[in-house]
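Please read this note with the model open beside you.

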Amino acid sequence: MKEMAAAGGTEVAEREIALNVNGGERRIPAGWTLADLLASLGLDARTIVVEHNGTILRDRSSFASLELTSDDSLEIVHFVGGG
Amino acid sequence: MAHADLLSPGTLTDPQPFVIAGREFRSRLMVGTGKYASNAQMIEAIDASGAEVVTVAVRRVDLDRSKDEGILHHLDPDHFFLLANTAGCYSASEAVRYARLARAAGFNEWVKLEVIGDQQTLLPDTIGLLQATKTLVDEGFKVLAYTNDDLITALKLEEAGAVAVMPLASPIGSGLGMLNPYAIRMIKQRLSVPVIVDAGVGTASDACIVMEQGVDGILMNTGIAAAQDPVRMAAAMKDAVEAGRHAYLAGRMPRREVAVPSSPTTGMLDAGA
């Protein structure tokens, strides 16, 4: 029983969810926060802006507590050269 | 005098500081950051231009090439005033969204507002521009509105709360110089907010002629970035903006259709010796 529960637990931990990031589908482990996703993408939160399901996140300290859920839509933008 | 360095030569200071929305800037030349061959070249050109205000665009992070870093990895935001644009936006709502994203970056509440109406000419959609200006002003933005050289639109943008109006010299990236000096002068004469000519300047003489109309400043990108030697052109633009400002302040001589000799007409020798 114990072993089975552990196996079940592992299964839960490896469960993935799909979300839309910058117009493309991306699969991430269930339970990841926005901060986890940004870290996995190698992005410095200080140089980007995130729009989450149409809402701009103006407070970067919220990234660590925002748990992503299936079908979330994210836009991650930054400043580039322009006139 | 805080604004003594607006014009470089010695004691000939600018009698008017360059102020937008209560903030004073040290250069009347603003520059874009697009189209450079490299980030190093962009930085060198901006330094040569002496610009304090630099424009940037808002775009998606390329997730598959995240080493292609944003411009903030190259441009020190402590040394420049970052002015985000809404370039590439074709509706008021799209431009408003980009402006909000730019503000969330946390540098300032200023935006160079563009609402483009046509892909071939990149001329502004002035109706959408006016709508977006009103929305953003209500939200506390400082709106610098990129517009055409139409006086009525400029007046309406000022009335809507734009802190500066930015008429084009000619279409974006065209390098055609100022097509309608009369319209630019008329806008400058009638508006109280700063008038900054944006787009179309192709070389230093274009910039000089624009400043000679009495406008408050110029914003350019391609004129520098697309030159064979962008760094040298940036230096030329800096001098041209200052020269044009001096010439405007100096007040040009009246135009005449006939010659007037510069040398004395008396004291000439007898003819046919």
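1. Two residues are in contact if their C-beta atoms, placed from the backbone, lie within 7 Å. The model discussed here is predicted. In chain A, 61% of the contacts with a separation of 6 or more are between residues 24 or more positions apart.

2. Chain A has two helices and five strands. Read from the N terminus, its elements follow the order α-β-β-α-β-β-β. Of the 83 residues in chain A, 18% are buried.

3. Strand S2 of chain A covers residues 24–29. How many of its six residues are buried? The count is zero, and S2(A) is hardly covered. Its pairing is with strand S1 (residues 16–21) of chain A, in the antiparallel sense and over six bridges. One position to look at is Leu19(A), whose bridge partner in S2(A) is Arg26(A). The hairpin of S1(A) and S2(A) has two residues between the strands, and Asn22(A) takes a positive phi there, near 50 degrees.

4. Next comes the contact between the chains. Chain B gives 27 residues to the contact and chain A gives 20 residues. On the side of chain B, the elements that supply two or more residues are strand S4 (53–60), strand S5 (81–85) and helix H2 (92–104). S4(B) has the largest share of this side, with six residues. Sorted by class, the side of chain B that touches chain A holds 14 nonpolar, ten polar and three charged residues.

5. S4(B) also pairs with a strand of the other chain. Strand S5 (residues 73–81) of chain A and S4(B) run in the antiparallel sense and are joined over five bridges. Within S4(B), Val56(B) is the residue that stands opposite Gly81(A).

6. Helix H6 (residues 204–212) of chain B packs with H8(B) at an angle of about 30 degrees, and their axes are 7 Å apart. Why is H6(B) called roughly parallel to H8(B)? Angles under 35 degrees count as roughly parallel, so the angle of these two helices puts H6(B) in that class relative to H8(B). Their crossing is right-handed. Residues on the H6(B) side of the contact include Ala207(B), Cys208(B) and Met211(B), and those on the H8(B) side include Ala240(B), Gly244(B) and Tyr248(B). The contact of H6(B) with H8(B) divides into 13 nonpolar, two polar and three charged residues.

7. H6(B) is mostly covered, with seven of its nine residues buried. Among them are Asp206(B), Val210(B) and Glu212(B). What do the buried residues of H6(B) pack against? They pack against strand S9 (196–198), strand S10 (217–220) and H8 of chain B. After H6(B) comes Gly214(B), which has a positive phi near 95 degrees.

8. The last point concerns Leu249(B), which lies in helix H8 (residues 230–250) of chain B. Leu249(B) has 16 C-beta neighbours inside 10 Å. A buried residue needs 20 or more and an exposed one has 12 or fewer, so Leu249(B) counts as partly exposed. Along the chain Leu249(B) and Ala235(B) are 14 residues apart, and their C-alpha atoms are separated by 21 Å.

Conventions. Residues numbered from 1 in each chain as written. Chains lettered and ligands numbered in written order. Predicted model: local features only at pLDDT ≥ 70, side-chain atom pairs only at ≥ 80, totals over all residues. Helix = DSSP H or I, 4+ residues; strand = E, 2+ residues; numbered from the N terminus. Axes fitted to C-alpha atoms, helices over the stretch in contact; angles between N-to-C directions. Parallel < 35°, antiparallel > 145°, perpendicular 65-115°, else oblique. Left-handed = near helix turned anticlockwise from the far one by under 90°. Nonpolar A, V, L, I, M, F, W, Y, C, P; charged D, E, K, R; others polar. Pairing = 2+ DSSP bridges.
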